[in-house]
Amino acid sequence: THEIQKLHERIHDENGLYQANRLLERIRAMYNKAIEWNWKGSNPAAGIRKFKEKSRDRFLQPHELPYFFKALNVEASSTAKDYIMLSLLTGARKSNVLSMRWDEISFEQAQWRIPETKNGEPVIIALSPQALEILKVRRKTNKTGWVFSSEASKHGYFQDPKKAWQRLLKRAETYQLIELIAEKEDWDKNTIAKAKREIETSLTNSLETYQKKAKVLKLDTSVIGLTDIRIHDLRR
């Protein structure tokens, strides 16, 4: 118990309380399963308390959606783009969407049957026309078993949408800043359009540049900001 307590605290310090708590849950579950299989011993993680977590209530607001979808529309990775859209359209967990297989999809019935969810039970999700269209397009060029196949992954499917997600959020927030600054400095439509095109091809340092400009202009930026959105928040 003492060793697991120390591990729990170390992961908290190095990776944060959420990672520490998830690790503790897994250790506890492993020992419980061993006991269920007649292992003679006690669960050393049973008496360790999880760190207190704050419940998240962050989700995309109506006024943020146009910027989010504009940024998503110019995302260079079609795999990341389709993954994010299907996550929005299905409300399914990240792991389930990433590991989606073609044999789970029924185009005729417009359904996706997830064979096993977090609680161990299968679930059927109705697919909207927009979701079906994304899948049909991917199916034309994808001959593997995975909807989001990836040769670079040892699992065979796309594993890490984090970089694309961060690009998307930075681009969306930069769009917001451009419009805020444009209003203050009375930019014309061509100047605004040019600024937005530039960040679509070169995002490096763009967000920081416009944040500094907004600060110099003493603009109220409290009403904007998308970089705190997590992929999991798409489920809300």
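A nonpolar core is a set of buried Ala, Val, Leu, Ile, Met, Phe, Trp, Tyr and Cys residues joined through side-chain atoms within 4.5 Å. In this predicted model, the largest such core holds 51 residues, and those that touch the most other members are Phe-68, Ile-84, Leu-86, Trp-112, Leu-135, Trp-165 and Tyr-210. At least two residues of this core are supplied by each of H3, helix H4 (78–90), helix H5 (94–98), strand S2 (111–114), helix H6 (129–141), H7, helix H8 (189–201) and helix H9 (206–216). H7 gives the largest share, 10 residues. With residues up to four places away in sequence not counted, Ile-84 touches Phe-68, Leu-72, Trp-165, Leu-168 and Leu-234. Another core, of five residues, lies apart from the largest one, and its members include Leu-24, Ile-27, Ala-45 and Ile-48.

Helix H3 spans residues 65–73 and helix H7 residues 162–185; their axes are 8 Å apart and form an angle of about 125 degrees. An angle of this kind makes H3 oblique to H7, and the crossing of the two helices is right-handed. On the H3 side, the contact is made by Tyr-67, Phe-68, Lys-70, Ala-71 and Leu-72. H7 contributes Trp-165, Leu-168, Leu-169, Arg-171, Ala-172, Tyr-175, Gln-176 and Glu-179. By class, the residues of this contact comprise nine nonpolar, one polar and three charged.

Gln-176, one of the H7 residues in that contact, deserves a look of its own. At a relative accessibility of 4%, Gln-176 counts as buried, because the cut-off for that class is under 20%. Leaving aside neighbours within four places in sequence, Gln-176 is in contact with His-63, Glu-64 and Tyr-67, and also with Ile-224, Gly-225 and Leu-226.

Helix H1 (residues 2–15) packs against H2 at an angle of about 150 degrees, with the axes 7 Å apart. H1 is therefore roughly antiparallel to H2, and the crossing is right-handed. From H1, the residues that meet H2 are Ile-4, Leu-7, His-8, Ile-11, His-12 and Asn-15. Their partners in H2 are Leu-17, Gln-19, Ala-20, Asn-21, Leu-23, Leu-24, Ile-27 and Tyr-31. This contact divides into nine nonpolar and five polar residues, with no charged ones.

Between the C-alpha atoms of Lys-33 and Glu-185 the distance is 64 Å, and 152 residues separate the two in sequence.

Two residues stand out for their backbone angles. Most residues other than glycine have a negative phi. Asp-186, however, has a positive phi, near 60 degrees. Asp-186 belongs to the loop between H7 and H8 and is exposed, with a relative accessible area of 67%. Lys-218, likewise not a glycine, has a positive phi of about 55 degrees. Lys-218 is placed in the segment after H9, and its relative accessibility of 75% counts as exposed.

Notes: Residues numbered from 1 in each chain as written. Predicted model: local features only at pLDDT ≥ 70, side-chain atom pairs only at ≥ 80, totals over all residues. Heavy atoms only, no water. Axes fitted to C-alpha atoms, helices over the stretch in contact; angles between N-to-C directions. Helix = DSSP H or I, 4+ residues; strand = E, 2+ residues; numbered from the N terminus. Parallel < 35°, antiparallel > 145°, perpendicular 65-115°, else oblique. Left-handed = near helix turned anticlockwise from the far one by under 90°. Contact = heavy atoms within 4.5 Å. Nonpolar A, V, L, I, M, F, W, Y, C, P; charged D, E, K, R; others polar. Buried < 20%, exposed > 50% of the residue type's maximum accessible area, 1.4 Å probe, protein only.
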